[in-house]
Structure formats: structure tokens, C-alpha cells
Amino acid sequence: MSAGSLQIERRSLPNGLVLLGHRNEASAAVVLRAMVRTGAIFDLPERAGTARLTGAMLQRGTRRHTFEELNALTDREGVSISVDVGRHTTDVNVKCLTEDLELGIGVLAEVVREPTFPSDQLEKVRGELMTALREADQDTRSVAERTFRELAYPEDHPYRRRVSGYQETVPRVELTDLVAHHARTFRPDVVAIAVAGGVEMDDAFDRLAHEFGDWVGEGEAPALPAPPAPKPVGVQARTVELPGKSQADVVLGMPGIDRRHPDFYALDVLNLILGRLGLNGRIGANVREKQGLAYYSFSELEGGLGPGPWAARAGVNPANVERAVEAILAELRGVLAEPVTPEELSDAQSFLTGVLPLALESNDGVARTLLSIELYDLGLDYLVRYPGIIRALTREQLLAAGRRHLSADSYALAIVRPAR
Amino acid sequence: MDVRETKLPNGLTVLTRELHHAPVATFWVWYAVGARNELPGLTGVSHWVEHMLFKGTEQFRPGDIFRLVTKNGGTLNGFTWIDYTTYFETLPSDRIDLALRIESDRMANAVFDPEEVASERTVIISEREGHENEPTWRLDEELTAVAFKAHPYGNPVIGWKSDLRTMTRDDLYRHYRRYYAPGNAVAVAVGDFATDHLLEQVEARFGGIPAVETPPPPVRAVEPEQEAERRLTMRRPAPTRYLQVAYHAPAASDPDAVPMLVLDAILSGAKSMGMMGGRAPMGRSSRLYRALVDAGLATSARSSVGLTRDPFLMDVSVTLRPGVALSDAERVLFEVIDDLKANGPTDEELARAKKQARAQFSYGTETVTSNGYWLGALSIVASWRLFGELVPRMEAVTAEDVRRVAARYLTEANRTVGWLEPSEAQR
């Protein structure tokens, strides 16, 4: 396998469901990852957490098995199921040994298509989520993230809300909300399933077609909203205090751009240089390496189907918060003032093109890559084209993209400190 | 397992394994030094030395190592544990010599510039303070300290804060010179290469590093058998109650170590063995999940046991649902354990645990990086041969073996029980 030569199989079923696959002959296992284009973007503000609860309930009982039966069945064969709910996607991930492919596919189908949402299980799942929310609301990083979202996005914007909901909203979610969310937004024409591992793709696809082929969606799939987000006006800052903590956590940023925006690659590479490459780019070099202020300090561009944020994050001693924020802003100003150096650009380009074989080594990595290609409509030749896209970027394009989408004068700043 | 073991004249052990599923290779150097080798006043020294090995050597200025590896399309890291300190690079296989260059240079030539030491002091204290923000980390640190009264395994790998404030550049450098010697290290290469050629490269890069005549001092401390249950209650701001119970457990080289892994899988499912995101949760039919989580007492209940050079701990961590009393969760946990001690697992449970272990092994060893990790870690704590033997040995474990190790190790006198009670206002 060379970087660009990942052999990808793709098949569309008549009901609109898409199958993608890559065979890894060396593997004794297989990953089956179903991506459903639905998520927290559909949550009502007062019932935030609906999609997250729906995701957790998928495994809590199906038309074929109760929760206990499903656990016994999967645990008996070492089959692992996990569900990740995002804003625009809900991923159901099944991992099994190749000898258990049939079981794995059956489990995937019943969990995605046929959950029964038993009410006693909802109360268990809700209790677990409520405990997790209590933990998050006393965790400095989580509270910094929540506060940042509230400062960076306007009142009614879905990106302001937490995917997992809140202690105030999760109790309001009713069983009927979950059933309705599933009935309305889980449908074959918004599903892609990636298969990666030591199985024959024709065989796996035939079995998947058998399990998913008769699934019918009524009418049109609901459109996935992705409303634009205005940039913050001036500096929107807030400090929150939590008891019993040693360290402060800081998030500084603003709404960013869609993964499909023409500036995405330029902005992504600029961010790589600013806060990721090497030991977290220029921000890491300044905040950690030069000043010794923080164990972690980096920046990230979320991408995704909407205006996910660009944000820098750091964990620092409470006495050093201002210095760390100033250092992050200095580095942000730096990349917006003049082009990055030719060496920085070339290092970033070599990293992104060179690291592909590592990203595609594991079945998980392959499955995620295939689903990204599908979600963002990148085309099956994407991995072949990708090095060319990256190498064509210029320093001036990076600077222009940075100036269009980032600002060192208008941003949201969330600080969570130990209570004094 | 097709692993080749080679010893260089200077004492360096080299393990190689060819894997050709992808054009990548990983290179690790493992040093047999960690928290178990640390003395009072110098806890955290191994971990700090690890940080300093990214901060400049003869050939590489601070920052160069990260920059060079990433620009070559690689990933890298270093980490420190109770038994070892290790460094790795995973790269496109045609560039693996870069990793050999880096690791051979920093085995002998790290500079420990005083200014870099000073700036790293605050970075490491920040790393520790980030952990301190998590109530469960604090409970674990306290519990581990109480569980050991003689062996250094009771000290946190990151070190006590007072030691981090006072440790000097010379303390760090002395530790480096004493333990970073070819004879105290194992190099591991896994991936898409030809072994003979790779060994020539290793010989060229590492062969000139002189052997160290004085071997590092042995760890003589032996934890005496625990004779009475130990208990602690921590009261501090926390979102809910947490319970953690730790039992002294056998070393990796002990014949009981493998049955303990099966016992762990029966208690809460076989654990992921992956590095770099190979997680594969399972175990919702397990005893702890059913008795504590499914019964509504807890939101999570997990056992864990590691493979360690000296006897360390098997522990169970429980996150309680708000409103549930610690005494109730504890009673249920001990009922589960007592039943296993009396009756052992059912045949079906045993079969399930073994299949899970086989599956986790397969999921967790897909990548060259993960293979490098396991070969190296096991070579330090017992023998790299355990890597290939792990699943067959687990498959040979009987229900009676599981009952026997449960009855031997999961006793009242052998346990330390930790409660974390949220401060008054937060219950």
C-alpha cells in the first residue's frame, strides 16, 4: 500500500445507503462503522441532549434482542459496539474478529435500524448522562469549553449548545422525543457504512445489503442545518471559578469555517503551523517551550459541516493566565501580520503528505478516512489528489485565509480558575 | 512469534519484528527505570529526565526532534511509568533511520541546559496541577501511597510537588548518566524493513556508545505482605462519590499474573490493548457492570490490573450515582468478589473472557506502534516472549485458577479502600 493507492470499494444501494470498504489482508479483525447524518444539530434548545440520549439508547434493546441479550451476545464473541454522537453525524462503530463478521453485521443493523427505546433503560441512560454532566460541570476543561461556546456563538445558534446537553435540559427529554428523532432522521439515504479489515469486500457488502437493503425512508430526508455564525464583536471574555482546583484552563477563539469552504486547506495548514506542528507549533514553542507556562497549549480548527470553531487551548497555573493569553495572542497576531516562513510551510506540507500511511495503518483509521471522504464529498480519488492540494498552497494563501477568518482583536476568551 | 533478539557488545538488547502490511515502521528505546527506582526527595526524576531528552542533545537543538519527526510524516512521544521510561518514533519506513539517529544521540548526549531545566520545572508542575484538577486522580494518588509502605511503587510517577520544586539540574543529570546506558536499555523495531539491514543501521548508530561498567543499583525494597485492611476517606469538592479499592497483585513474571488478567476480564470485561485510539469497549455482561451499573448504583465500575516488574495493584474504580452511599456500593462490590472467591466463574463466563481477550489482542496489535509498545514493555517487566504467549496462556486458565487467585489476592487484609466524599455543599 502506498499513500495514494488505498483500494476503495464503493457501492450504492437502491435505497440510497452507501457502502465503502477497504480490505486489509493482514488483519484478523474488521471494523464496521455506520455514519448517520443526524445529530445534536436537530436538538431543540430546551431539550438539548436529545440526539446524545438517542445514540446511547440504540444499544439498550432492539426488536431482535433485549439490552441484556445484546450484551451477552456481543461479550461472548468479543464484539465491541460504541456510538459517537456529534452535531451532524451519529456514528455506530462495531468491531469484531473476521470469523464473527455475520454477527457484527447483524448487530450493526439491529442497533441502527431497530432500537425499541425501552422506558426503564431510558431512566438508566439518563441517570448515567446526568452524572457525567455533573462531572463535566466541575471539570475545568469542560467548563472552559462550555463557556467559550456561549461567548463565541450567538444566543440561538446550535453551535452554542453542548452535544451532551445540560443538567437542566436532559431531564426534560421524553421517550417520544427519542423515538421521533430516530424515526425522522435515521434513514438509509443519510447512511454510509465503512468496512475495513481482513474480509472480502464483495462478501461484506452482500451481507450488508441483505441487512439494510429493505430499509425504506419516508419522503425526503430532513435538511441538515448549518447556520453561519457571525464573528464575536470585540473581546468577549468571561472568568468562571471552580472550587478545589489547582490549575486554570483557557480557551480563546472564534467561529471558523466549514470543511468544504475553499479556504479550508489554507486555514488548516496555517493552524498547523500556529498551534500543532512539532510540539504544538508557534503557540507551543512560546507558551510551553520558551516560557514554561503550561504543560499543554495548542490550537485547533474543527472543520465539520458548519462553522466549527478555531480555538487555542491551554492549562496554566492561575498566576500565569494573563501571560499565557498574551503569548497566544502574540502568536496569532504574528501569523496574521506576515506570511509564515518558507521552511514552516514546507515542514507542514511534508507532515501532511508524509503522515498518510500512518493514518491509514489501522482499520479504525481507514474507516474514518472513508467516511470523511463520503461526508465531505471529496471523491474516491481524494487520497491521490490530496498531496497535490497541499503542495499547491502558498504562504500568501495562508496569510489571506488567516486574515479572512481569524482575528486577534475580536475573539471569545473563556477562563476557568480555581476559586480563591 | 517471529521476533529476533540481538545483543550488541555494549550490552544493548535489540528486538526486531518485520511486519509488511503498511509502509511504516516504529522504533522504540526502553530504559529500565521509572518510579520504582526513585528515592525520597527525588520522586518524579525519571519523568523529568524524559522531558529533558526532548530539550537538546549534541546533534539536536531544543524543538528539533519534534520538528524533524513531524516534517518527515512521523509521530513520536515519550512516557514514563513505574517500571520504565520509553521513547518512540513511528515513521514512513524509508525514514526510520531518523529515529535511530535521535535515539542513539540522546541515549548518551543530552545536554540538560540549566535554563531548559528551569523552564521545564514549571511545565511539569503544570502537568501535575492539571492532574490535580481531577478528583479521581487525587484519590488514586492517595490510595496508591497508602497501599505501599516500603516499595517505591507508592510514589506518583510525576513526583511529589515538593520534590518537583527542589530538584536540581545535577540530580536530573546524575539520574540520566546512571540509568541511560546500553546495558539498561532495550531497542525495539517493528515494521516494513529487512531485519538484517535494520540491524546494520542499529549497530552503526548505537554500537559506538560505550558500555557502562557499573550497573544501575538494584531495587531492593520488597513490600511486606499487607496484614490489615487500610482505609482512607478524602473529603473535597467533587461532582459525585467515588470508590476505589486496590489489592496487592503478583508481578508479571509470577505464574498467577495471567490468571489475574482473566479474573479482571470476568469482573469488568477484557481491556483494550491498543495505543493510538484502538479502543474497543466491552464487558456490559460482566459481574461488576450488572451488580453496580445496571442495578443503578453506579455509572461506571471497572477493574484493572497491569503487568509489572514487581508486585503492584489490581484495583476497582466505581463512580457512584448521586445519592448512593459509598457503604452500599462497597458492600455490593465485596459481594461480587466474595462470590467469585467461593464459587469461581461459570464455564460460560470463562469462555467469554477468553474470547474477549483474543479479540482485544487482535484489535490492539494492528499497528506497528502497538507491537513496539508491547514487545518493549513486556521485555522490561518480564520477557518479550510473553507477547506471543499471552493469549494461549490466558486460554489455558481454568475456572479453578480464577477462583484460586481471587481467593488468594482479593482478601480483606490485602486491600486498601478509598472513599471520595464530596464536600458538604455538593453531595
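For the strand entries I take two strands as paired if DSSP finds at least two bridges between them, with strands (E, at least two residues) and helices (H or I, at least four) being DSSP runs numbered from the N terminus. I keep in mind that this is a predicted model, in which local features need pLDDT of at least 70, side-chain atom pairs count only at pLDDT 80 or more, and totals for chains, interfaces and linings use all residues. Residues are numbered from 1 along each chain as its sequence is written, while chains are lettered from A and ligands numbered from 1 in the order in which they are written.

Chain B, the sheet. I looked up the bridge partner of B:R17 in strand 6 of chain B and found B:V190. Strand 2 (residues 13-18) and strand 6 (residues 185-191) of chain B run parallel and are joined by 6 bridges.

I then followed the open sheet of chain B, where 6 strands lie in the order 1-2-6-3-5-4 with mixed pairing. Strand 1 (4-7) and strand 4 (75-80) of chain B each have a single partner strand, so one side of each is left without a neighbour in the sheet.

Chain A, the whole chain. I noted 15 helices and 11 strands in chain A, and a C-alpha trace that spans about 60 × 50 × 40 Å along its principal axes. Of the 420 residues in chain A, 53% are buried, that is, they have 20 or more other C-beta atoms, placed from the backbone, within 10 Å of their own.

Note on methods: Buried ≥ 20, exposed ≤ 12 C-beta atoms within 10 Å, placed from the backbone.
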